[in-house]
Amino acid sequence: MRTRTRRGAIGLGVGGAAAVGLAGCGTLTSSDGPSPASGSTPSGKPSKPAHRARPIGDGSTSYTGKQPGQPARPEPLEPGQTPPQFVVFSWDGAGEVGNGLFPRFLDLAKEHGAHMTFFLSGLYLLPESKKRLYDPPNNPVGASDIGYLTDEHVKATLTNVRRAWLEGHEIGTHFNGHFCGGYGSVGNWTPKQWRSEIDQAKAFVKEWRTNTGWTDLPSLPFDYEKELVGGRTPCLLGQDNLLPTAKELGWRYDASSPGGRQVWPRKKGGLWDLPLQQIPFPGRSFEVLSMDYNMLANQSINSTNAPSYNYPRWRKQSADAYISGFRRAYETNRAPFFIGNHFEHWNGGIYMDAVEQALKHIAAEKEKGEDVRLVSFRQFVDWMDVQKPEVLEKLRGLDVGQAPAGGWASYMKKSSVNPA
């Protein structure tokens with residue numbers, strides 16, 4: 001077994017509460033032995049693209065037609081219509097390291113008709129033997145604050161990323177080396193350096209076949225140049241200098257802003273700004289950022305292997321935090337709810353259990369016929385982009401936990417959203 005360490009950055013929560021706001025990421029542990037990753041559907045039949053694959057470049061990626069499993073084309077809200085409750089589950093790193101978490105949550109999403117965003121770290125498709133191909137800004141060639149994966153885990157990651165896209169999920173980016181501290185921190189990078197990091201992250205995805213020499217694995221079934229429209233920076237650092245570069249590249253959103261609130265989002269620097277959010281933390285006087293690592297930091301002070309007698313209480317607290325965040329939005333301003341996590345067994349895997357419990361709770365509302373939509377970030381901004389500006393401004397007029405006066409039909413009637 002080998003363990004690598006990611007760095008986290010600690011800050012203060014918003015709204016006057018001294019919540020610990022870590023910008024997510026701790027240890028990434030690879031277990032020895034075969035990975036339980038699967039490229040098959042739960043029925044055992046392999047997932048297949050709708051069209052014959054047309055190789056791109058060295059054949060690491062390919063064009064296979066329109067992505068399967070997408071929702072119907074979004075439509076503008078009608079006057080008086082209640083907005084949907086959007087929920088986005090997202091995953092930082094998105095590597096399969098032998099713990100079975102990537103396929104576990106693909107299976108869960110498939111069971112409940114949910115779509116997610118997987119922010120893939122480009123290095124997870126680069127063999128460690130080729131690490132000198134990576135030239136990180138302000139850091140030595142080949143350096144990384146997350147571990148390179150074993151060859152078997154690179155293969156498992158390819159299998160699961162392929163399956164994820166074929167089942168309708170989004171593949172974003174978590175960039176590469178995850179530098180959060182010191183001179184080489186992503187928080188110090190210039191727009192030009194961000195461009196270098198992004199170009200390398202894309203290259204590791206688009207050229208994994210060349211870099212590995214593997215010819216017996218299927219290509220990834222998407223054109224990553226077109227698929228990649230957003231990301232989340234390591235430790236939620238460096239957004240201001242990333243945004244100009246992201247806009248030049250035609251990205252549509254960024255999920256890197258720290259300490260967001262549960263309100264309807266705006267654009268920043270020309271991109272939708274979709275931050276992790278402060279949500280109620282049951283039993284505490286402050287709120288917590290909607291990410292597993294931030295809950296861990298408040299529960300076990302950065303330890304990923306705290307005494308196990310704490311686990312039942314912490315598991316429940318974490319699940320209740322997600323569920324409380326969902327219910328606060330759903331029952332009031334219907335602001336989209338954004339959740340971030342990592343495929344990690346921190347503190348006995350309690351955070352994975354908590355997010356699964358939360359997803360099942362949220363999906364139960366959808367399955368009762370309520371307009372609750374578990375979507376990717378890309379699918380969410382598709383919906384935002386077709387809404388009338390005056391409608392979005394009306395939605396933004398509702399603060400955290402503020403229900404529309406007189407109900408949605410009255411609040412969103414035509415005269416109130418378009419006085420002209």
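The accessible surface of the protein comes to about 16,400 Å², and 50% of this area belongs to carbon and sulfur atoms; such areas come from the Shrake-Rupley method with a 1.4 Å probe, and for residues only the protein chains shown count as cover. This is a predicted model, in which local features need pLDDT of at least 70 and side-chain atom pairs count only at pLDDT 80 or more, while totals for chains, interfaces and linings use all residues. Residues are numbered from 1 along each chain as its sequence is written, and side-chain values use heavy atoms, with hydrogens and water left out.

The mean pLDDT (the predictor's confidence in each residue, from 0 to 100) is 89 for the protein, and 86% of the residues reach 70 or more.

The protein has 13 helices and 16 strands, taken as DSSP runs numbered from the N terminus (helices H or I, at least four residues; strands E, at least two). Of its 420 residues, 56% are buried, that is, under 20% relative accessible area with a 1.4 Å probe and protein chains only. Among contacts with a separation of 6 or more, 75% are between residues 24 or more positions apart.

The largest pocket holds about 770 Å³ of space. A pocket here is an open set of points on a 1 Å grid over the protein atoms alone, where a 1.4 Å probe fits, with protein on both sides within 12 Å along at least five of seven lines, and lining residues have an atom within 4 Å of a point. Of the 29 lining residues, K66, Q67, Q70, R378 and D382 are the closest to the centre of the pocket. At least two lining residues come from each of β6 (61–63), α5 (224–227), β16 (372–374) and α10 (377–385), and α10 gives the most, with four.

D254 lies in strand β10 (residues 253–254), and this residue counts as buried because its relative accessibility is 1%. Beyond its neighbours within four places in sequence, D254 is in contact with G231, Q239, L242, L243, L271, W272, D273 and L274. The C-alpha atom of D254 is separated by 6.4 Å from that of R232, which is 22 residues away along the chain.

Key
Points joined across faces, edges and corners; volume = space filled by probe spheres on them. Buried < 20%, exposed > 50% of the residue type's maximum accessible area, 1.4 Å probe, protein only. Contact = heavy atoms within 4.5 Å.
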